[in-house]
Amino acid sequence: AGAWVANILLHIRPYLHPNMVGGLSGHECMETAWDVQADLAHAVFAAADHAVLFLDYYKFFDSFDHVFATQLLQQFRLPNAATALFYDLNSNAQRYFKLSGTFGQPFTTANALGQGDPFSLIAAFCYVSVQFYNVQATVPHVGISAAVDDRTMYGVTRDVLVAMNLVARID
């Protein structure tokens with residue numbers, strides 16, 4: 001799947017929000033901190049009204065609906081074969097509970113993406129990118145960055161609160 005994902009990322013990279021880092025070549029996760037640190041330092045020296053918001057999805061990969069995630073990938077123009085494979089792997093996967101070394105009966109779920117699956121990472125990039133474009137269109141002066149699903153928003157307190165309320169409705 002790694003070679004497929006590398007090719008797909010080349011295709012969709014122009015559509016991903018530019019402030020997405022983590023798992024993308026040419027970016028380091030620490031990039032999410034640099035702008036925030038500089039912005040906070042400026043606010044301290046200027047005694048400016050400023051807020052920083054760190055957001056992490058609760059059970060992000062465990063909560064993704066298979067149909068929604070597949071349709072999201074289709075909207076980002078992933079090849080049909082890739083989205084069909086993604087849906088099949090996630091909707092037909094058999095899962096097991098393991099307790100004290102003993103496995104229970106197999107079951108399937110209507111949500112949850114494979115953690116460690118590169119296609120799940122692409123779905124996360126697409127989802128957060130859509131959210132970031134929405135925030136940017138509503139409050140353009142709020143700084144935003146994300147390392148996969150760990151998002152940071154910063155700026156004037158009033159604007160950060162608007163952004164927070166916007167993402168809370170989406171989350």
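This is a predicted model: local features need pLDDT of at least 70, side-chain atom pairs count only at pLDDT 80 or more; totals for chains, interfaces and linings use all residues.
In what order do the four strands of the open sheet stand?

**Entry 1**

I traced the open sheet and found the order S1-S5-S6-S2, with mixed pairing. Strand S1 (20-21) and S2 stand at the edges with a single partner strand each, so one side of each has no neighbour in the sheet.

Next I looked up the pairings of S6. S2 and S6 run antiparallel and are joined by six bridges. Ala 51 is the residue I found opposite Gly 155 in S6. On the S5 side, the pairing with S6 is also listed as antiparallel, over five bridges. Two partners I noted there: Ser 145 bridges to Thr 152 in S6, and Ala 147 bridges to Asp 150 in S6.

How many residues lie between S5 and S6 in their hairpin? I found two, and Val 148 in the turn has a positive phi of about 60 degrees.

Is strand S6 largely enclosed or left open by the rest of the structure? I checked residues 150-155: five of the six are buried, so S6 is largely enclosed.

**Entry 2: the nonpolar core**

A reminder to myself before this one: in soluble globular proteins, nonpolar side chains tend to be buried together. Here I looked up the largest nonpolar core, which has 41 residues. Ile 12, Ile 122, Cys 126, Val 135 and Met 153 are the members that touch the most others. The elements that supply at least two residues each include helix H1 (2-12), strand S2 (51-56), helix H4 (66-75) and strand S5 (143-147). H6 gives the most, with ten residues.

Leaving aside neighbours within four places in sequence, Cys 126 is in contact with Ile 12, Leu 16, Leu 72, Leu 73 and Phe 76. Ile 12, on that contact list, is also one of the members of the core that touch the most others.

**Entry 3: the largest pocket**

Which residues line the largest pocket? I wrote down Tyr 57, Tyr 58, Phe 60, Ser 63, Phe 64, Asp 65, Phe 68, Tyr 127 and Asp 171. By class, that makes six nonpolar, one polar and two charged residues. The volume of this pocket is about 190 Å³.

**Entry 4: two loop residues with positive phi**

Most residues other than glycine have a negative phi, so I made a note of the exceptions I came across. Arg 77 is not a glycine, yet has a positive phi of about 65 degrees. I located Arg 77 in the loop between H4 and H5, and at 56% relative accessibility it counts as exposed.

Ser 100, not a glycine either, has a positive phi of about 55 degrees. Its place is in the loop between strand S3 (98-99) and S4. Why does Ser 100 count as exposed? Its relative accessibility is 75%, and the cut-off for exposed is over 50%.

**Entry 5: Phe 103**

Is Phe 103 buried or exposed? I had to look this up: Phe 103 counts as exposed, because its relative accessibility is 54%. Phe 103 sits in strand S4 (residues 102-103). Beyond its neighbours within four places in sequence, Phe 103 is in contact with Tyr 96, Phe 97 and Lys 98.

Note on methods
Residues are numbered from 1 along each chain as its sequence is written. Side-chain values use heavy atoms; hydrogens and water are left out. On a 1 Å grid over the protein atoms alone, a cavity is a set of points where a 1.4 Å probe fits but cannot get out, and a pocket is an open set with protein on both sides within 12 Å along at least five of seven lines; lining residues have an atom within 4 Å of a point. Grid points are joined across faces, edges and corners, and a volume is the space filled by probe spheres set on the points. Ala, Val, Leu, Ile, Met, Phe, Trp, Tyr, Cys and Pro count as nonpolar, Asp, Glu, Lys and Arg as charged, and the others, Gly among them, as polar. Buried means under 20% relative accessible area, exposed over 50%, partly exposed in between (1.4 Å probe, protein chains only). Contact means heavy atoms within 4.5 Å. A nonpolar core is a set of buried Ala, Val, Leu, Ile, Met, Phe, Trp, Tyr and Cys residues joined through side-chain atoms within 4.5 Å. Two strands pair if DSSP finds at least two bridges between them.
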